[in-house]
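Please open the model in your viewer and keep the selection tool at hand, as this tour moves from one stop to the next.

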Amino acid sequence: MTKVSDILGEKGTKLVFIGPDLTLRQGLETIVDNKVGALPVKDASGDILGIITERDLMREVYDHADLETKIVGDVMTKNIITTRRDDSIDTVMEQMTENRFRHLPIVEEGRLVGIISIGDLVKSQLAHLKHPMQNLRYYVSGNAA
Ligand code: AMP
C-alpha cells in the first residue's frame with residue numbers, strides 16, 4: 001500500500017508558502033515563479049492559517065478584484081484539510097475527490113512538512129501501472145517492450 005511518505009520521499013520536502021498580509025499580486029507572482037498550484041498560508045510563528053490556490057486567484061481575477069490591495073488572508077480557505085505521512089494514497093484520493101480540491105498539505109506534530117498534489121498522485125499511480133503493463137505486453141507478444 002503506497003503511503004503519503006513514499007510520495008514525499010520522491011519529491012522532497014521543498015515547500016513554498018506565503019504570509020496572510022501579502023497582496024494577491026504577490027501571491028500570484030509566488031505561484032507563477034515557483035511553478036506551484038497552491039500555497040499554504042503561515043503566520044510569523046509558523047502556524048498554518050489556510051491555503052490559497054491558483055483557482056482562488058483565478059476567481060478573484062475573473063471578479064476584477066484589486067490585486068494590489070486585496071490580501072491573501074481575505075481570499076484563502078481557512079478550514080484547511082491536511083494529511084499525514086502514514087496515510088494511504090487511497091485515503092488521500094478519496095479526500096481530494098470528496099472535497100473537490102487538488103492539494104493536501106502534509107502535517108506532522110502540528111508542523112507543515114510538505115504538500116501533495118493531484119499531479120503527484122497521478123505520477124505515482126502511473127509508475128505502479130507501468131511494470132505490470134510491461135509484463136503483460138511481453139506475455140502477449142513474446143517481445144520485451
Ligand atoms: P484546488 O483544486 O486545490 O485548486 O482548490 C480548490 C478550492 O479548495 C480552493 O478554494 C482552495 O482554497 C481549496 N482547497 C484546496 N486545498 C485545500 C485543502 N487541503 N483544505 C481546504 N481547502 C482546500
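Leaving aside its neighbours within four places in sequence, which residues is I31 in contact with? Select I31 and you will find V36, G37, L39, T53, E54 and L57 in contact with it, where contact means heavy atoms within 4.5 Å. This is a predicted model, in which local features need pLDDT of at least 70 and side-chain atom pairs count only at pLDDT 80 or more, while totals for chains, interfaces and linings use all residues. Residues are numbered from 1 along each chain as its sequence is written, and side-chain values use heavy atoms, with hydrogens and water left out.

I31 lies in helix 2 and is buried, with a relative accessible area of 6%; buried means under 20% relative accessible area and exposed over 50%, with a 1.4 Å probe and protein chains only.

Next, select helix 3, residues 54-62, where D56, L57 and E60 are buried. They cover an arc of only 95 degrees around the axis, which puts them on the same side of helix 3; the arc is that of the directions from the helix axis to the C-beta atoms. On the other side of helix 3, M58 and Y62 are exposed.

Now turn to the ligand, which 13 residues surround, the closest being D56, T77, I81, R102 and H103; a residue counts if one of its heavy atoms lies within 4 Å. A polar side-chain atom of D56 lies 2.5 Å from an oxygen atom of the ligand, and for R102 the corresponding distance is 2.8 Å. Taken alone the ligand exposes 480 Å², of which the protein buries 92%, by the Shrake-Rupley method with a 1.4 Å probe.

Notes
Helix = DSSP H or I, 4+ residues; strand = E, 2+ residues; numbered from the N terminus. Polar contact = N/O pair within 3.5 Å; in protein donor to acceptor, adjacent residues only side chain to side chain.
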